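Welcome, and thank you for taking a look at this protein chain with us. Please have the sequence and the 3D view at hand, and we will walk through some of its parts together.

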Amino acid sequence: MASEVLFTIKKNDQVGRYAVASRALKPGDLIFSEQPFAYGPKSDTPPVCLGCSAPADCSTLCSQCLWPVCGPECEGLPIHRENECAVFAKAGVKFQPVNDSAAVCLQYECITPLRVLLAKEKDLKRWQEEVEMMEAHNDIRKKRPLWQFNQTNVVGYLRGPCKLDRFPEELIHTVCGILEINAFEARTTAGHFIRCLYPKLAILSHNCVSNVHHSVSPDDFAVYVRAVVDTPENGELFSSYTYSLWPTLVRRDYLKESKYFECKCPRCQDKTELGTHMGSLKCSKCDNGVILSTDPLSFTCDWKCTHCDFKTNAVAVKKVYDTVQAEIDAVEMLGGPEGIEQREAIFRKYRSVFHPKNAYMTIVRSALTQLYGRADGYTIEDLPDLLLERKVELCNQLMEVLDVIEPGFSRIRGITLYELHAPLMILARNLYTSGAISKDEFRKKLQEAIDTLGKSVEILKNEVPDSNEGQLGLMAQQAYESLNQNFEVLIETA
Ligand SMILES: [Zn+2]
Ligand SMILES: [Zn+2]
Ligand SMILES: [Zn+2]
Ligand SMILES: [Zn+2]
């Protein structure tokens, strides 16, 4: 693993620690990489194997501690054996059987905090240098119901039944806070979600348009942090703690409730979200009016039409967002032809409500770009020109938004460019074989499609090779090389 670090830590009274580039950075430059200080199950998780994090049906238990695992191989994994297994076995704390192994299991709340506490004892130096000063906001969290929840399910459980009263109450609460505020989600090789604590990554301030990209290895959960855009020497580095496709009202609400700060980044301060109109609604009272917030940093202010007297307010707008989000969530797991049809139905339903680039139109668009060309009956070979054009249109509209909110070498731009290249190629060939364009025009269009794929390769090659996106990157790379080699053959045999 590269040990060079291309950032410098700065401090100021308002925001505390932050990081700046220690030299000018180009998109794709590796700024740093690090191993997680600790990792483990997410909060609110159903029972999972304490070795590999796969969902557990709770019928197989570890022979040492009697907590759920997949089997002998998983119970012997160091992440379990050297952490909670030893603690539970020694204290005789058994897993209490559950009725529904798919439901949230509160017994798991203590696992990741416990792993952090044990990591502190194993590597006190790293704790003191990197973790201890991480933001926990105990002062704010003390007033929230979650504090009492942690008191019962983590603090009380560890200090009581687990006999770990060597860890003071305040320290355990601090660890819970550090995890709530700073942990990043990662996925195992098999695709199961976990949370990881990356102390260096946590130094970066939040911005709703980040200028770094992080990619986690599913093998050892090391994180690789790269620049996504040109960044000057001493330019501040920003990561994002929220979902970039959400509109400002939703992002700021999430950051306030779960990360305990009110974002005032340039995107949050701008009524049009940097011209993307991701929060904007269409006015129903006039022809071309767009409804915008009068004060983007307020959760209650008026929202007014740009063309007529119509006004509403932030609370009502948030309700509209919540309604469409619920409809999107309801079809989230739906793939195949039904997945396409239901999302197109949501798209049609809200076309008259939202600005065309609104966040929810964008979220649906993003899912559709992936489904057209893959779903049964909608594979790329199946698609008639009309739907190939639909896929191209969806990708282009999505890219217009991504260029602003996920600029440069971001994963989602890499994936969208990949999705765009195939319909462009097939449409070019169909136009040529039907006699609609000349051989020279075909050559030009084919080259454009290959260049689009080339841009995708340039971005996706920065993904960790054994991740899903890394695999897509390798596939894109091979396709790109083969298309370049066979360019003339493709023209002559079309
Ligand atoms: Zn397992
Ligand atoms: Zn065990
Ligand atoms: Zn923001
Ligand atoms: Zn109006």
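Let us begin with helix 15, which has 23 residues and reaches 34 Å from its first C-alpha to its last. That is close to the 33 Å expected at 1.5 Å a residue, where the expected span is 1.5 Å times one less than the number of residues. Helices (H or I, at least four residues) and strands (E, at least two) are DSSP runs, numbered from the N terminus. Just after helix 15, Gly-435 takes a positive phi of about 85°.

Before going further, a word on the model: it is predicted, local features need pLDDT of at least 70, side-chain atom pairs count only at pLDDT 80 or more, and totals for chains, interfaces and linings use all residues. Residues are numbered from 1 along each chain as its sequence is written, and chains are lettered from A and ligands numbered from 1 in the order in which they are written.

A residue is buried if 20 or more other C-beta atoms lie within 10 Å of its own, exposed if 12 or fewer, and partly exposed in between, with C-beta atoms placed from the backbone. The largest core here has 118 residues, and those with the most contacts inside it are Ile-31, Val-116, Cys-196, Leu-197 and Tyr-360. Its largest share, eight residues, comes from helix 15 (residues 411-433).

Leu-197 is in contact (C-beta atoms within 7 Å) with residues that include Pro-36, Phe-37, Val-116 and Ile-178, leaving aside neighbours within four places in sequence.

The automatic or database domain assignment gives domain 1 (7-36 + 198-239) and domain 2 (38-184). Their centres, taken over C-alpha atoms, are separated by 28 Å. Six residues of domain 1 are in contact with seven residues of domain 2.

Now for helix 12 (residues 336-350): its 15 residues should span 21 Å at 1.5 Å a residue, and its end C-alpha atoms are 22 Å apart, which agrees. Which residues of helix 12 are buried? They are Gly-339, Ile-340, Arg-343, Ile-346 and Tyr-350. Helix 11 (314-330) and helix 13 (359-371) are among what covers them. On the other side of helix 12, Glu-338, Arg-348 and Lys-349 are exposed.

Two residues in the loop between helix 10 and strand 11 deserve a visit: Leu-274 and His-277. Most residues other than glycine have a negative phi. Leu-274 has a positive phi although it is not a glycine, and the phi of His-277 is positive too.

| Residue | Phi | C-beta neighbours inside 10 Å | Class |
|---|---|---|---|
| Leu-274 | about 65° | 18 | partly exposed |
| His-277 | near 60° | 23 | buried |

Our last stop is Ile-181, found in helix 7 (residues 169-182). Ile-181 is partly exposed, with 18 other C-beta atoms within 10 Å. Its C-alpha atom is separated by 9.1 Å from that of Ala-202, 21 residues apart along the chain. Not counting residues up to four places away in sequence, Ile-181 touches Glu-135, Ala-136, His-137, Lys-259 and Tyr-260.

Conventions. Contact = placed C-beta atoms within 7 Å. Core = buried A, V, L, I, M, F, W, Y, C linked by C-beta atoms within 7 Å.
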